[in-house]
Amino acid sequence: TTINDNQFGALVSFTFNVGCGGFGGSSLKSSINSGSSAATIRANFMKWNKGGGKVLAGLTRRRAAEADLYLNGAGGSGGSGSGAGQACTQPQTGEK
């Protein structure tokens, strides 16, 4: 899957916050790489809105902004990368 600049930016923001391990084993990465629908990708961004087991308003806003940038951003046609998560090599974990 090739991603554009805005998609790359959204995934960098997400991965900076949850870590390479979190992203590497996530349903978000899987849904992007498998070409899932926009609704599925958005839902997978939104799974990551908890801290200490509680939904946090700030994380909900951050995930919504990342999903918006990934899905609606007007990116360039050249693309920044050839796939989601290829630079992350840490051990994988699941959603929190």
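At what angle do the axes of helix H3 and helix H4 cross? They cross at roughly 150° and come within 8 Å. This is a predicted model, where local features need pLDDT of at least 70, side-chain atom pairs count only at pLDDT 80 or more, and totals for chains, interfaces and linings use all residues. Residues are numbered from 1 along each chain as its sequence is written, and side-chain values use heavy atoms, leaving out hydrogens and water.

**The H3–H4 pair**
- H3 covers residues 38-46 and H4 covers residues 57-72; helices are DSSP runs (H or I, at least four residues).
- The crossing angle makes H3 roughly antiparallel to H4 (over 145 degrees, on a scale from 0 to 180 between N-to-C directions).
- H3 passes H4 in a right-handed crossing (the near helix is turned clockwise from the far one by less than a right angle).
- From H3, Ala38, Ile41, Arg42, Phe45 and Met46 meet H4 residues, including Thr60, Arg63, Ala67 and Leu71 (contact means heavy atoms within 4.5 Å).

**The nonpolar core**
- The largest nonpolar core has 13 residues (buried nonpolar residues of the set Ala, Val, Leu, Ile, Met, Phe, Trp, Tyr and Cys, joined through side-chain atoms within 4.5 Å).
- Leu11, Phe14, Leu28, Phe45 and Tyr70 have the most contacts inside this core.
- Helix H1 (5-24), helix H2 (27-33), H3 and H4 each give two or more residues to this core.
- H1 gives the most, with 5 residues.

**Arginine 63**
- Arginine 63 lies in helix H4.
- Arginine 63 counts as buried because its relative accessibility is 0% (buried means under 20% relative accessible area, with a 1.4 Å probe and protein chains only).
- Beyond residues up to four places away in sequence, arginine 63 touches Phe14, Asn17, Val18, Phe45, Met46, Trp48 and Asn49.

Definitions and conventions: Angles under 35 degrees count as roughly parallel, over 145 as roughly antiparallel, 65 to 115 as roughly perpendicular and the rest as oblique. Buried means under 20% relative accessible area, exposed over 50%, partly exposed in between (1.4 Å probe, protein chains only).
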